[in-house]
Amino acid sequence: TMSRIVVDAIRNSSASSDGITLSSDGKVAFPNGGAGKILQVLENVRVDASSQVINTGATYEPTFLRQSITTTGSNKVLVEGFVNVGMTGEGNGMHVGLRRDGSNVGHGVASGNKRTCTVSDYHEDNYNLANIHFSFLDSPGAGTHEYHLQFSHSSGGNQTFYFNRTPVDTNSSGFPRTISLIRCSEVAA
């Protein structure tokens, strides 16, 4: 395979022309101190089921699904995760926005009265959950930063959002209880 050819080429020389080297124990070393290397990974997992009314046109920023990370220099933060969510109003959009330290990051460009967000999904029916994934590589600068999620919807009326459970929550094996999570990884610049 191609990766085997690259490793063999590195192994057969003490240093390749681009500075990539292979140690005697088989570890690959990259130039520039390992840009792209994952330095730390922090994760917050929500296992409980809960619900929250979100008014028409409003947003909800839960105290759960938040993760702080302290970075150094110009390192980046890969923020990723997923949320399992449903809501009472079938046929409406559920919007999830990523925020850092109270400001939007990874949102679409504003256009008129449209809601900016990171990702959006459609609520099919009250017997299912949407599994909404998000991923964004942020450049926050050195320091401690908190990442969290903001929820909103497209309905013209107030809606109850259900986290890690379906809106119809019958006590039967056909109805799930799930998890949601947010993960922050510091990436060397």
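Which residue forms a salt bridge with Glu-80, and how far apart are the closest N and O atoms?

What we have here is a predicted model, where local features need a pLDDT of at least 70, side-chain atom pairs count only at pLDDT 80 or more, and totals for chains, interfaces and linings use all residues. Residues are numbered from 1 along each chain as its sequence is written, and side-chain values use heavy atoms, with hydrogens and water left out.

Let's begin with confidence. pLDDT is the predictor's confidence in each residue, on a scale from 0 to 100. The protein averages 88, and 83% of its residues reach 70 or more. Where pLDDT is low, the predicted coordinates should not be read in detail.

On to the layout. Of the contacts with a separation of 6 or more, 78% are between residues 24 or more positions apart.

What about the inside? Of the 189 residues, 39% count as buried. By that I mean under 20% relative accessible area; exposed is over 50%, and partly exposed is in between, using a 1.4 Å probe and protein chains only. The largest nonpolar core has 25 residues, and those with the most contacts inside it are Val-79, Val-83, Ile-132, Tyr-147, Phe-151, Phe-161 and Phe-163. Such a core is a set of buried Ala, Val, Leu, Ile, Met, Phe, Trp, Tyr and Cys residues joined through side-chain atoms within 4.5 Å. At least two core residues come from each of β6 (76-87), β7 (93-100), β10, β11 (143-153), β12 (159-163) and β13 (180-187). β6 gives the largest share, 5 residues.

Tyr-147 has a polar partner too. Its side chain makes a polar contact with the side chain of Asp-138, at 2.6 Å. For a polar contact we need a pair of N or O atoms within 3.5 Å; within protein, one must be able to donate a hydrogen and the other to accept it, and residues adjacent in sequence count only if both atoms are side-chain atoms. Asp-138 sits in strand β10, residues 130-138, and is buried because its relative accessibility is 5%. Leaving aside neighbours within four places in sequence, its contacts are Lys-76, Val-77, Arg-100, Val-105 and Tyr-147.

Back to my opening question. Glu-80 pairs with Arg-183, with the closest N and O atoms 3.7 Å apart. Glu-80 is in strand β6 and Arg-183 in strand β13, so this pair ties together parts that are 103 residues apart in sequence. Both are partly exposed: Glu-80 at 23% and Arg-183 at 26%. Together with Glu-43, they are linked in a network of salt bridges.

The whole structure holds 7 salt bridges, each a side-chain nitrogen of Lys or Arg within 4 Å of a carboxyl oxygen of Asp or Glu. Another is Glu-61 with Arg-99, at 3.0 Å. Glu-61 lies in the loop between β4 (50-54) and β5 (66-71), while Arg-99 is in strand β7, so the pair joins parts 38 residues apart in sequence. Glu-61 is partly exposed at 28%, whereas Arg-99 is buried at 12%.

Thr-166 is in the loop between β12 and β13. Is Thr-166 buried or exposed? It is buried, because its relative accessible area is 0%. A polar atom of its side chain lies 2.4 Å from the backbone oxygen of Val-168. Not counting residues up to four places away in sequence, Thr-166 touches Asn-126, Tyr-127, Asn-128, Leu-129, Phe-175 and Pro-176.

And for anyone wondering about cysteines: the structure holds 0 disulfides, going by a cutoff of 2.5 Å between a pair of cysteine sulfur atoms. Cys-117 is buried at 17%, and Cys-184 is buried at 0%. Thanks, everyone!

How values were computed
Helix = DSSP H or I, 4+ residues; strand = E, 2+ residues; numbered from the N terminus. Contact = heavy atoms within 4.5 Å.
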